[in-house]
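Dear colleague,

My findings follow directly after it.

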Amino acid sequence: MTRPSYDLVIQGAGPVGCALALGLRRSRLRILVLEARPRTDTPADRRSIALSWGSRHLLDALGQWPLATPASAIEQVHVSQRGYFGRVLIRASERGVPALGYVAAYEGLSRGMRDALTGLSDCELRQGARVLSTELAPDRIHVRVDDQGSAREFDAAMLVVAEGSADTVVREVDYEQCAIVANVRAQRPAQAVAYERFTADGPIALLPFGEEFALVWTLPSEGAKALARAGADALLASLDRAFGSRLGAFMAARDLGIFPLRLRVAGPPAHPRRLALGNAAQSLHPVAGQGLNLGLRDAAELADQVCAAPGNLGSATLAETYLARRRIDRAATVAATDLLARLFLGESTLQGCLRGAGLAVTDAISPLKSTLAKQMMYGLRL
Ligand SMILES: Cc1cc2nc3c(=O)[nH]c(=O)nc-3n(C[C@H](O)[C@H](O)[C@H](O)COP(=O)(O)OP(=O)(O)OC[C@H]3O[C@@H](n4cnc5c(N)ncnc54)[C@H](O)[C@@H]3O)c2cc1C
């Protein structure tokens with residue numbers, strides 16, 4: 001059977017798959033991007049995303065800044081712990097940047113990037129096209145697809161899996177937690193300050209989004225599901241109790257959603273023709289808002305490597321160089337996120353006091369705070 005042939009097939013047009021395709025726009029490679037969701041799908045994903053200052057630069061380089069969807073600046077990040085002293089305050093002005101990062105809706109961001117792909121001459125985007133399986137041939141990879149109900153096959157020198165979940169997992173942690181997301185309004189409007197408040201049940205992130213806050217509240221799974229079922233009024237009352245009075249009372253909540261939380265790290269690629277990027281390589285706890293930022297750095301690195309040597313597509317040299325250059329950033333971000341997800345859990349007073357002292361020390365010691373701010377803003381891209 002003759003199959004339409006491409007240089008590169010990208011499986012998944014989430015923000016990471018799109019970032020890779022956009023990063024390769026000057027490579028003249030023939031690229032096919034396959035996205036399982038049909039174009040007409042109504043937006044169902046309610047999460048908001050904190051994009052770091054470094055991600056803004058990466059998106060700018062892709063011609064995606066300003067975003068095609070509203071984004072709100074984060075000028076300060078305030079980290080605290082319920083019931084104990086100590087806090088860390090990081091200000092954009094002290095770092096010499098106008099914003100530490102930005103908040104945008106996941107759906108708007110993804111849709112804007114997908115729309116940008118449709119304007120590229122060497123890139124074809126097929127929506128409603130789910131990859132079912134792949135098969136390696138000596139110099140190609142065959143990709144079987146359910147394309148809006150019809151079976152189709154494509155073939156390429158290389159496949160990048162950016163479908164948002166890993167198939168071969170070497171490390172998996174079920175945190176037995178879920179994140180409740182919603183847009184909430186407090187008595188005091190959001191003024192470009194992001195709050196991360198650790199409680200014994202899990203962290204509460206309130207990210208400034210217009211005058212409202214995008215809430216990401218981690219709770220033990222059963223409690224989170226019960227709260228999500230109970231609806232907006234119950235959520236507001238619980239949030240008042242858990243967050244405290246810093247922003248006055250919480251008055252309205254809309255667009256509630258819930259996500260189970262797991263750490264999943266994919267194993268090394270079985271073959272250099274099939275590389276995983278973004279959440280397909282590592283899915284993180286959202287506590288530090290790092291998953292997409294890390295995935296965008298993955299995409300930028302691979303695009304740089306391919307543009308520098310397009311002839312290496314699908315080769316062991318490309319896979320080895322890419323993985324070596326991404327190893328430290330990925331390992332450090334996975335470890336830091338996992339540590340944070342566990343560190344603040346538990347009711348012990350001694351632990352609470354030690355963590356409080358840790359926050360106070362981090363705030364007071366400039367090099368420590370600076371390291372934290374740099375990691376948050378840029379990651380560890382070599
Ligand atoms: C509650 C929550 C809050 C978060 N907050 C932040 C944050 O503040 N900052 C941050 O950086 N990260 C955050 N993250 C993480 C972030 O959402 C992910 O890291 C990011 O979405 C990963 O992008 P991706 O493109 O790799 O995968 P995805 O966004 O999952 O996209 C994958 C795409 O592949 C498609 N697909 C799936 N299977 C197939 C198939 N077989 N064939 C073709 N297409 C397929 C899917 O439809 C989807 O469009 C958060 C996550 C959660 C759950």
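This is a predicted model: local features need pLDDT of at least 70, side-chain atom pairs count only at pLDDT 80 or more; totals for chains, interfaces and linings use all residues.

**Domains**

**The interface between the domains**

On the side of domain 1, 13 residues are in contact with domain 2, and on the side of domain 2 the number is 16. Together the two domains bury about 1200 Å², with 51% of that area on carbon and sulfur atoms. Within the area that domain 1 buries against domain 2, 40% is supplied by Arg264, His285 and Val287, more than by any other three residues.

Which residues form the salt bridge that involves arginine 264? The partner of arginine 264 is glutamate 172, and their closest N and O atoms are 3.0 Å apart. As for polar contacts between domain 1 and domain 2, three residue pairs are counted, with both residues at pLDDT 80 or more.

Helix α8 (residues 316-343) provides three residues, the largest share of the side of domain 1 that touches domain 2.

**Helix α1**

Is helix α1 (residues 15-23) largely enclosed or largely open? Nine of its nine residues are buried, so the helix is largely enclosed by the rest of the structure. The buried residues are Pro15, Val16, Gly17, Cys18, Ala19, Leu20, Ala21, Leu22 and Gly23. The elements they pack against include the strands β1 (5-11), β2 (31-35), β8 (123-127) and β11 (150-161). The helices α4 (106-117) and α7 (291-308) are also among their packing partners.

**Arginine 87**

Arginine 87 is located in strand β6 (residues 87-91). Its relative accessibility is 35%, and arginine 87 therefore counts as partly exposed, since that class lies between the 20% limit for buried and the 50% limit for exposed. Arginine 87 and leucine 359 are 272 residues apart in sequence, yet their C-alpha atoms are 5.1 Å apart in space.

Yours sincerely

Technical notes
Residues are numbered from 1 along each chain as its sequence is written. Side-chain values use heavy atoms; hydrogens and water are left out. Contact means heavy atoms within 4.5 Å. Buried area is the accessible area (1.4 Å probe) that two parts lose on being put together, summed over both. A salt bridge is a side-chain nitrogen of Lys or Arg within 4 Å of a carboxyl oxygen of Asp or Glu. A polar contact is a pair of N or O atoms within 3.5 Å; within protein, one must be able to donate a hydrogen and the other to accept it, and residues adjacent in sequence count only if both atoms are side-chain atoms. Helices (H or I, at least four residues) and strands (E, at least two) are DSSP runs, numbered from the N terminus. Buried means under 20% relative accessible area, exposed over 50%, partly exposed in between (1.4 Å probe, protein chains only).
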